[in-house]
Structure formats: C-alpha cells, structure tokens
Amino acid sequence: MQIIETGNVAAALGVKLARAQVIAAYPITPQTPLTEKLSEFIESGEMQAEYVPVESEHSALAVCIAASSAGARSFTATSANGLLYMHEQIHWAAGARLPLVMCVVNRGVGAPWTIWNDHQDSISQRDTGWIQIYANDHQQIIDSVIKAFALAEEVMIPVMVCYDGYILSHTHMPFDVPEERLVDEFLPPYLPPYSLDPADPANLNTVTMPDVRPDVRGDTAPGYMEIRYLLHKDMLEAIPAFERVEERFRSVFGRGSNPYIEPYRCEDADYIAVALGSLSYHLRDVVDTLRNEGVRAGVMSVHLYRPFPDELIARALSGCSGVVVFEKALSYGYQGALCSDIKSALYRHTGEPGGRPFVVNYILGLGGREITTPDLLDAMRSSCSPDGGSGDETRWIGLRFS
Amino acid sequence: MNNDSIEIRWHGRGGQGAITAAKIVAKAMFASGYSGVAMVPTFGTERRGAPVFTSLKVSREKIYDLSPTTRPDIVVILDHLLLEEADVTQGLKKGGLIVINTPRAVKNYRFNGSRVAVANVTELSVKAGLPQGMVNSGIIGVFAKASGIIELSALTQAIEEEFVRRKPRENALAARLCYDGTILGGRR
Amino acid sequence: MKQRDYRKKISLSETGPGDAGKTGSWRILRPVIDPQVCIPGRRNAPACYICWLYCPDGVISRTVPPGIDYQYCKGCGICAEECPTKAITMVEESSLLKE
C-alpha cells in the first residue's frame with residue numbers, strides 16, 4: 001500500500017512489520033518521532049513488543065544487548081550525541097555478536113550544539129564492527145529496516161540503518177508499505193543460535209585471556225583475538241550474505257536493487273560523484289544538468305558502507321577520469337572517511353597510478369548548512385575537467401567568512 | 001531533472017498548521033496522479049506564533065532534490081501580517097501566484113507581475129464551525145480556486161481524512177466556503 | 001547459524017569446573033570439610049549447601065556430605081568464610097604433602 005508519511009514513520013512501520021520484540025530507546029531530535037510512533041503502536045496493541053523506557057542511550061543499548069542475549073529480536077534508535085553516549089555498548093554489541101538493529105537518524109555532533117543533519121555521528125562509529133547501511137529515501141528506509149534484521153540474524157552482527165535527519169526523517173514522501181503476510185514470509189521469527197537459559201547458566205563476554213583456553217567441556221575456547229578475527233572475517237562474509245538477503249527480498253516483494261551501490265548515469269561517465277544518503281539523490285538533478293551541458297557526469301551512492309564493498313566500488317569507478325566525493329563528515333586533520341576508503345579501494349583494485357581516476361573531496365552541509373543545487377553544480381563544474389583534481393584535495397562548500 | 005514540477009512554499013506561524021495544510025495537499029496531489037510529491041518542512045527551533053515555512057514539491061516523476069524550494073511557483077501565506085515580518089515572496093517565479101489569508105481587499109496587494117488571490121479565511125473558517133484561528137483547511141480552498149491545479153473535491157476528501165477525529169465536516173466546509181470566497185487580483 | 005559455530009565466535013563461559021584448565025595446582029590452602037560439623041553431614045540429609053552456592057568455580061557437589069573436586073579447586077577460601085557452622089578449615093597444602 002502506497003502512503004505519504006515521514007521517514008521516521010517509514011522506519012517505525014518497518015520495525016513493526018519486522019515484529020521486533022523488545023524496543024528500548026531514549027528520545028533525541030530528530031529520532032524522537034520514530035520511537036514515539038513505536039510506543040504508540042505498542043500502547044494501542046497494534047504491535048506485540050516490550051517497550052523499555054530508559055534514562056539514557058547507554059542504557060537503551062544495554063537493554064537491547066540483554067534482551068538479544070536472551071533471544072529476543074531487539075531494536076533501538078538514536079542520533080548524534082545519543083549515539084556517542086552509546087559508544088561503549090556499540091562495541092560491546094558487535095563483540096558479543098548480537099543481531100540488533102538500530103536506526104541512526106543522522107545529525108551533527110556537538111560542540112557547538114546542533115540539531116541539524118550531517119553524517120559525523122554514524123561515520124564516527126564506522127570502526128565498531130557494526131554493519132552500516134545508508135538509505136536515500138523513505139522506501140529504502142522501510143525496506144532496509146526489514147532487510148537489516150534478516151542480515152543481522154544471518155551473520156550475527158548488529159546493523160545500523162542510517163538516514164538523514166530532517167531531510168528524510170521529517171519530510172513527507174510516498175512509499176510502499178510491504179504487506180504483513182509477505183514480511184512474515186521473508187522474515188520468520190528469530191531463532192537464536194544461543195540464548196541465556198536459567199536452567200543452563202553461562203557467563204557471557206567475561207574477561208577473555210590473551211591466549212586461548214580449554215573450556216569446561218575440554219574444547220578450546222577462543223581467545224580475544226580469535227573472537228575479533230572472526231568478527232572481521234564474518235563482516236567480510238556479510239557482503240555476499242547481503243546479496244542473498246536482497247535476492248530473497250526481491251523474490252518475495254518483487255522489488256529490489258543493487259544492495260551495495262546505486263549508480264545513476266555512470267555507464268559512460270567521465271566524472272562520477274559519490275555520496276551517502278539523500279545527497280546522492282540530490283546530485284542526480286545536478287548530473288542531469290551537467291549532461292545537458294555536454295559533461296558526461298554520473299553519481300553513485302554507497303548503500304552498504306561497512307563492510308565496505310571495495311572491489312565492487314573500485315570497479316564501478318575505474319573507468320572514469322575523476323571521482324568527486326561529497327561528504328557531510330570528515331576525519332579532522334585529514335579528509336572525509338568515505339574519500340579515504342574510496343582511494344584505498346582504487347589503489348588496491350585498479351592498475352597503474354597513471355590509470356587511476358583522480359579523487360577530490362568536498363565537505364558540505366555540516367550542522368545542516370543548506371546544500372543548494374547551484375553550489376553542487378559549481379563544485380561539479382570545477383571538478384569535471386582533466387585537471388579537476390589539481391589543487392586542494394579537500395574543499396569546502398558553502399563556507400561564509402566575513 | 002524535473003522541469004514539470006510545481007513548487008509551493010507555505011508560510012505560517014508555529015501552531016497554525018501550515019505543515020498539515022501542505023501535507024493534505026501533498027496527499028491529494030499524489031492521489032490525483034502526481035507520483036512525485038515531497039513535503040519538506042524547514043525545521044529550526046519552532047515556537048508557537050513564530051514564522052515557519054515548508055516546501056511542497058509536486059511532479060509527475062519522483063523527486064530527488066529535497067532541499068527547500070528557493071524558486072516557488074506559488075506562495076501560500078496563512079497570516080497576512082507575515083508579509084511585514086519576513087520576505088515571504090522571495091524567489092517567487094515571474095508570473096507566480098501569491099495566496100493570502102487576509103481581511104483586507106485584494107487591491108491592497110501588488111506584487112510585480114504576480115497573481116494574487118485573497119480570502120478572509122479566518123472569518124470564513126469560524127463561519128464553517130471551526131474555532132477562531134483554525135485556518136489551515138480554509139486556506140486550501142483558496143489555493144484550489146486560485147491555482148486550478150487540483151479539484152476541490154480531491155482536497156476536501158483529503159481534509160476529511162486528515163481531520164477524521166477533529167471536525168472533518170467543518171474543516172471540509174471551511175475549504176469550500178473559502179474556495180467560493182476567493183477574490184483574484186494582481187498582475188500589474 | 002548453528003550453535004556449534006556460534007559458540008566459536010563469542011566468549012561464553014559455562015558453570016562447572018575446568019573453564020581455565022586443571023587449576024587445582026594453584027592452591028596453597030585446601031578447604032577440608034568436617035562432616036561432624038557440616039549441616040548435611042550431621043543430619044545425614046541434603047540441606048544448607050551455602051558452600052555449593054558460593055563456590056565461584058562450581059567445584060563443590062550437592063551431596064551428603066558435600067564433596068570438593070580438588071582437581072579444580074583453587075583454594076580461594078570463600079566456602080570456609082561462608083560456612084555458617086565453620087565446618088570448613090583451610091589447611092596448608094604443604095602440610096598435607098608431608099604426610
């Protein structure tokens with residue numbers, strides 16, 4: 001059924017359809033309407049789940065970790081400083097291999113205080129061992145939430161579904177709400193491979209020795225490093241696993257797309273813009289204008305950011321002359337994280353240095369600074385030429401100093 | 001690129017329901033065959049009574065640019081006093097339309113080359129049975145009459161669905177009364 | 001995912017002796033139960049079992065009288081501390097060796 005609603009409602013409907021059993025969250029702008037909607041669903045009896053009110057984001061994720069350890073399908077959501085307050089538990093959930101799903105409604109990080117959109121919050125959680133998916137519109141939000149549970153439970157790694165605060169969370173747009181019956185077919189009840197059992201008690205994630213140790217059964221129990229290595233290996237395995245999830249989604253719902261990247265007019269492009277989230281869709285209009293001007297430009301969004309599908313991304317970009325990475329976050333003192341990742345992928349998977357496209361990086365839209373089509377056009381026009389890669393590598397759009 | 005898109009900017013005050021009005025029009029336009037609609041509220045620190053605005057973009061194709069509209073085809077103003085407080089007609093396209101809730105006559109409003117439509121929505125909405133100050137359903141009627149881009153019946157249906165538990169018939173009646181009470185002018 | 005595979009990916013420690021190998025050699029003091037003082041021993045019936053409850057390594061059995069698995073007992077002394085009738089004495093391992 002097609003409805004017109006906000007991105008937050010799309011996420012809440014996805015969580016409801018996925019039949020999450022435990023939800024614990026602490027309200028923070030612009031995530032608040034999402035968790036309010038979920039508490040309404042539970043209060044009215046539309047959704048059979050336990051909503052645990054907590055006093056902080058740290059506790060919200062701790063509750064989800066406990067619930068998931070006990071075998072419940074669990075969900076939380078947050079933004080910005082709330083996400084950072086969870087940081088210690090975010091690492092914990094990944095190391096404990098719990099299939100949680102969390103929506104991150106992207107917002108800039110203080111100080112100074114801001115409530116508006118950028119990507120610094122989720123990008124700064126890149127290295128925690130969570131899978132990260134970025135949605136470009138409301139359809140991708142609701143579909144990604146449902147797929148996220150399937151993926152998390154297949155590989156036993158938690159998943160963040162990230163979408164732009166306000167730009168998507170509060171904008172009303174049409175999207176299709178998948179049929180409940182089909183979601184049940186796609187996502188059967190969660191069967192945990194292991195869950196806490198009072199009749200057979202165990203201690204989870206206690207101090208783990210640097211070396212391996214024999215367990216009570218006389219088997220060799222993994223040490224810290226084995227557990228961490230397997231997390232990394234399974235993260236990489238999540239790349240093909242996501243394709244299988246996408247295949248299954250397509251066969252049940254009759255719609256689907258490339259789960260990793262979303263290229264637009266890239267087949268013959270000389271210059272390709274790359275971005276995460278709704279910005280990549282905004283850039284489609286810019287690409288259309290450039291094409292009318294005779295510039296062979298394209299845009300590609302990265303949908304799956306961690307694990308990073310580096311080979312696929314390098315292949316998608318290897319044929320062009322220049323790559324223009326637009327980012328709403330950066331690693332202070334160097335450059336945008338996505339830009340570094342793309343350069344690393346190109347270094348490994350494309351030929352000689354001379355044969356590689358140049359890569360330039362634009363930082364924009366921090367703390368909700370307006371991103372205008374003319375600004376994007378200017379940036380692309382100045383980069384889409386053979387010497388477009390010369391000069392500063394990291395360029396800022398929209399700065400206004402008097 | 002959507003060259004056939006229509007961009008409508010709604011100006012109101014916090015609590016007046018400009019966002020709800022834009023949402024109702026979005027739903028009605030979608031139901032009338034516009035597959036691309038995006039109602040993009042511009043958020044800040046909203047307070048009751050402070051000026052707020054929201055952008056509504058409609059098109060036959062999917063909308064990819066969700067930035068606030070800077071070149072509106074239509075500007076809808078829920079309170080005429082906003083004309084003195086903010087540059088509400090900024091960026092309005094040449095030959096564009098300005099819809100105003102005002103008790104003043106249309107001849108008082110002149111914008112270079114723009115069409116103007118006025119109605120005393122505040123008064124007509126009370127006549128329809130709504131409490132004083134509820135103007136967001138009424139202004140939709142003025143918008144429908146002046147723009148001619150969508151049937152009034154599609155809008156009143158969307159109004160009744162939106163206000164299903166909050167005086168749906170009175171809200172729909174307010175839209176109809178304001179539709180009939182719209183005075184067109186401008187373009188000089 | 002199969003439980004067998006999953007258990008290799010996480011840190012999971014079950015109750016019972018031996019999670020860190022045969023730790024009996026770590027002991028300096030050995031807990032020795034006097035069945036004449038111990039409640040289950042005296043009554044010749046299952047009772048009390050405070051020592052079983054408190055043992056952090058799960059090496060004490062709920063038997064009459066309770067038994068201690070010295071292959072794994074590290075000699076921490078918690079059982080002796082908690083025993084309500086003071087039936088458990090911590091004896092020096094070296095003195096036992098001499099015998």
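User: Before we start, what should I know about the numbering and the model?

Analyst: Residues count from 1 along each chain as its sequence is written, and chains are lettered from A and ligands numbered from 1 in the order in which they are written. As the model is predicted, local features need pLDDT of at least 70 and side-chain atom pairs count only at pLDDT 80 or more, while totals for chains, interfaces and linings use all residues.

User: What is the strand order of the open sheet in chain B?

Analyst: Two strands pair if DSSP finds at least two bridges between them. Helices (H or I, at least four residues) and strands (E, at least two) are DSSP runs numbered from the N terminus. Here seven strands with mixed pairing run β2-β3-β1-β4-β5-β6-β7 in chain B. At the edges, β2 (36-41) and β7 (183-186) of chain B each pair on one side only. β2(B) pairs with β3(B) (residues 51-59) in the antiparallel sense over six bridges, and B:Val37 stands opposite B:Val58 in β3(B).

User: Which strands does helix α4 of chain B lie across?

Analyst: Happy to show you! Contact means that C-beta atoms, placed from the backbone, lie within 7 Å. Angles run from 0 to 180 degrees between N-to-C directions, with axes fitted as lines to C-alpha atoms, for helices over the stretch in contact. Helix α4(B) (residues 136-147) lies across β4 (74-77), β5 (97-101), β6 (115-119) and β7 of chain B, at about 150° to β5(B).

User: What is the strand order of the open sheet in chain A, and which helix packs on it?

Analyst: The seven strands follow the order β3-β2-β4-β5-β7-β6-β15, again with mixed pairing. The twist averages 20° from one strand to the next. Helix α2(A) (residues 32-43) packs on this sheet, touching β2, β3, β4 and β5 (101-106) of chain A, with a direction at about 130° to that of β3(A).

User: How many residues do chains C and A bring to their contact?

Analyst: Chain C gives 19 residues and chain A gives 19 residues. On the side of chain C, α1 (3-7) and β1 (12-14) are the elements that give two or more residues. For classes, Ala, Val, Leu, Ile, Met, Phe, Trp, Tyr, Cys and Pro count as nonpolar, Asp, Glu, Lys and Arg as charged, and the others, Gly among them, as polar. That side has six nonpolar, seven polar and six charged residues. Strand pairing also links the chains: β9(A) (residues 202-204) and β1(C) run antiparallel, joined by three bridges, with A:Asn203 opposite C:Ser13.

How values were computed:
Two residues are in contact if their C-beta atoms, placed from the backbone, lie within 7 Å.
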